[in-house]
Amino acid sequence: MLQLLANLLREHPRFSKILTNRYIDLLTHSAPLHDIGKVGIPDQILLKPEKLTDDEWVVMKAHAKLGERRY
């Protein structure tokens, strides 16, 4: 699905120079990893249907650092 979207966006003048075949290949291989750090976030925060509290939001924002350390 991501590859299809990227290929469609490549037809737009704003993205045509950026979305090369190589770029799309890298994008489709790396995109699934973008939130890998969320595995370190407690489920009661990650799955909370209501708005997060300020303290919960601090924990949620830590997922990028957690992912960096895991990868």
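Here are some friendly notes on a predicted model, taken one region at a time.

1. A word on conventions. Local features need pLDDT of at least 70 and side-chain atom pairs count only at pLDDT 80 or more, while totals for chains, interfaces and linings use all residues. Residues are numbered from 1 along each chain as its sequence is written, and side-chain values use heavy atoms, with hydrogens and water left out.

2. The pairing of H1 and H2. Two packed helices are described by the angle between their axes and the distance between the axes. Here helix H1 (residues 2–9) and helix H2 (residues 21–30) have axes that come within 9 Å and cross at roughly 150°. That makes H1 roughly antiparallel to H2 (angles under 35 degrees count as roughly parallel, over 145 as roughly antiparallel, 65 to 115 as roughly perpendicular and the rest as oblique). Helices are DSSP runs of H or I with at least four residues, numbered from the N terminus. The axes are lines fitted to C-alpha atoms over the stretch in contact, with angles from 0 to 180 degrees between N-to-C directions.

3. Who makes that contact. On the H1 side you will find Leu2, Gln3, Ala6 and Asn7, and on the H2 side Ile24, Leu27 and Thr28; contact means heavy atoms within 4.5 Å. These residues divide into 4 nonpolar, 3 polar and no charged (Ala, Val, Leu, Ile, Met, Phe, Trp, Tyr, Cys and Pro count as nonpolar, Asp, Glu, Lys and Arg as charged, and the others, Gly among them, as polar).

4. Before H1. Met1 sits in the segment before H1 and is exposed, with a relative accessible area of 81%. Buried means under 20% relative accessible area, exposed over 50%, and partly exposed in between, using a 1.4 Å probe and protein chains only. From Met1 to Thr28 there are 27 residues in sequence and 9.1 Å in space, C-alpha to C-alpha.

5. The loop between H1 and H2. Thr20 lies in this loop and counts as partly exposed at 37% relative accessibility. A polar atom of the Thr20 side chain lies 3.1 Å from the backbone nitrogen of Tyr23. Thr20 and Glu50 are 30 residues apart in sequence, and their C-alpha atoms are 40 Å apart.

6. Glu56 in H4. This residue belongs to helix H4 (residues 54–61) and counts as buried, at 18% relative accessibility. The Glu56 side chain reaches the backbone nitrogen of Thr53 at 2.8 Å. Not counting residues up to four places away in sequence, Glu56 touches Ile45, Lys48 and Lys51.

7. His63 in H5. Helix H5 (residues 63–70) holds His63, which counts as buried at 17% relative accessibility. Its side chain makes a polar contact with the side chain of Asp35 at 3.0 Å (a pair of N or O atoms within 3.5 Å; within protein, one must be able to donate a hydrogen and the other to accept it, and residues adjacent in sequence count only if both atoms are side-chain atoms). Leaving aside neighbours within four places in sequence, His63 is in contact with Asp35, Gly37, Lys38 and Ile41.

Note on methods. Helix = DSSP H or I, 4+ residues; strand = E, 2+ residues; numbered from the N terminus.
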